[in-house]
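Here's a quick briefing on a protein model, grouped by topic. Have a look at the structure first, then go through the points below.

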Amino acid sequence: METGSPREAGAEGSAEGTGTAGATETTGTTGRAGTAGSEPVWTGLPPGLLRMRRLLLSVWLGLVALAAGLLPGLLAGPPWAAFALLPLALLAWGWVMLGRNWRSWRYAERADDLLISRGVLWREETVVPYGRMQLVEVTSGPVERHFGLASVQLHTAAAATDATIPGLDPAEAERLRDRLTELGEARSAGL
């Protein structure tokens with residue numbers, strides 16, 4: 001799985017620069033959790049999520065472009081078929097934005113909590129303490145199952161702190177669910 005962070009790999013504001021894609025890091029003997037004072041080891045999302053989202057974008061905007069070009073072209077004349085260029089321009093813009101969004105998602109398992117970071121313009125970092133977790137779910141809809149993906153959703157006592165990690169490999173999602181549940185039970189027993 002790919003790891004790293006945009007801050008480590010290059011400039012924070014670069015649009016298509018180096019992000020989590022392609023950077024790998026070893027995590028030592030523990031596998032995931034870092035020490036208390038060290039920088040967390042970030043894990044990026046697998047490329048299957050990006051492929052799925054780009055395919056869905058292409059299918060839907062391709063159909064819209066076909067309708068926007070065909071209907072006006074047949075009803076009002078060939079020059080009106082140029083309306084198909086609008087969804088195609090939106091497709092090109094969405095393709096780039098999906099890539100940037102995918103690179104911004106990452107998570108890190110630390111000794112006492114799970115960090116989830118996302119966002120391009122507005123960065124959002126969620127810290128979920130293991131002792132506060134009440135439920136860890138692995139979900140996978142029909143499209144996600146077709147692409148071999150699953151999401152991990154974390155529920156805490158406060159509804160505002162629920163967090164999701166989308167587009168994981170099912171084996172990684174189950175490993176993460178089992179590990180977070182085990183750590184949550186251990187930490188909540190101490191409360």
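Strand β6 (residues 150-156) is joined to β7 by 4 bridges, and the two run antiparallel. Keep in mind that this is a predicted model, where local features need pLDDT of at least 70, side-chain atom pairs count only at pLDDT 80 or more, and totals for chains, interfaces and linings use all residues. Numbering starts from 1 along each chain as its sequence is written, and side-chain values use heavy atoms, with hydrogens and water left out.

**The sheet**
- Strands here are DSSP E runs of at least two residues, helices are H or I runs of at least four, and both are numbered from the N terminus.
- Two strands pair if DSSP finds at least two bridges between them.
- The open sheet has 3 strands in the order β5-β6-β7, with antiparallel pairing.
- At the edges sit β5 (133-139) and β7 (163-168), each pairing on one side only.
- Across from Leu154 you'll find Ala163 in β7.

**Ser104**
- Ser104 is part of helix α3 (residues 85-104).
- Why does Ser104 count as buried? Because its relative accessibility is 4%, and buried means under 20% relative accessible area, exposed over 50% and partly exposed in between (1.4 Å probe, protein chains only).
- Leaving out residues up to four places away in sequence, Ser104 touches Ser117, Arg118, Gly119, Val120 and Arg123 (contact means heavy atoms within 4.5 Å).

**Leu55**
- Leu55 lies in helix α2.
- With a relative accessible area of 44%, Leu55 is partly exposed.
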